[in-house]
Amino acid sequence: PGADTLASELGRLRGVLVHQVLRLASVGVTPEHPFVDALAAWRLDARGALVACFDQLSPDDRARLEADVSAHAVTLRRALGDIPASWMPRSALRVSQRLAGGRVLLHDLVDLMVGTTSSVASVAILDVSTSPLGEDAERALRYHALVQTLRTSVPPLRVSSFSSATGELWVRDVDDDLLTRA
């Protein structure tokens, strides 16, 4: 593959592996070797072109990917700390909601959700990116809030986005204005 394609594939691999680190953290596992542990967790159900891409990496590219994933994992760990089980964390949560009599289907993938859905806002959603935060992150926050509200009829308390590249964290309280913009 060309340099641009390889960079894109390495970016996708980095994202997948950093999300595995987040999934491990959500169940109370602090990987001693984030790259190795994330890779092992991912390989359990990984398929397709991304697996083939990883298998074809040169030793140098694999070493760069390992260093990159490890750095992102350190940033994520410093920001999150331990996630108590009492927060009821759920990671890689795939949700969908039908609208317009089933003619419209919204899909969402929530990186991390904590709290429970009750009659009051008590859920917080965290979106993790391995890139710097930008306009897309803001739109994603609004979308997560909208889908959760439509699914449960109760808006989440907060939505947030974290960049493991920069350590930047955006937190938004969910209110009528945020949902209207979504």
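Predicted model: local features only at pLDDT ≥ 70, side-chain atom pairs only at ≥ 80, totals over all residues.
1. A quick word on terms: a residue is called buried when its relative accessible area is under 20%, exposed when over 50%, and partly exposed in between, using a 1.4 Å probe and protein chains only.

2. Residues are numbered from 1 along each chain as its sequence is written, and side-chain values use heavy atoms, with hydrogens and water left out.

3. Back to Ser160, which sits in strand 4 (residues 158–163). Helices (H or I, at least four residues) and strands (E, at least two) are DSSP runs, numbered from the N terminus. Leaving aside residues up to four places away in sequence, Ser160 touches Ile125, Leu126, Asp127, Leu141, Leu169, Trp170 and Val171; contact here means heavy atoms within 4.5 Å.

4. Five strands make an open sheet, ordered 1-2-3-4-5, with mixed pairing. Strand 1 (90–99) and strand 5 (169–173) are at the edges with a single partner strand each, so one side of each has no neighbour in the sheet. From one strand to the next, the twist averages 35°. Two strands pair if DSSP finds at least two bridges between them.

5. Strand 3 (residues 123–129) and strand 4 run parallel and are joined by six bridges. Asp127 has Ser161 as its bridge partner in strand 4.

6. Two helices to look at against the sheet. Helix 4 (residues 59–80) lies across strand 3 and strand 4, at about 145° to strand 4. Helix 5 (residues 135–152) packs on the sheet and touches strand 1, strand 2 (104–115), strand 3, strand 4 and strand 5, its direction making about 100° with that of strand 2. Axes are lines fitted to C-alpha atoms, for helices over the stretch in contact, and angles run from 0 to 180 degrees between N-to-C directions.

7. The buried residues of helix 5 include Leu141, Arg142, His144 and Val147. Ser153 follows helix 5 and has a positive phi, near 70°.

8. Last, helix 2 (residues 34–43): Pro34, Phe35, Ala38, Leu39, Ala41 and Trp42 are buried. Viewed down the helix 2 axis, these fall within an arc of 165°, so they line one face; the arc is that of the directions from the helix axis to the C-beta atoms.
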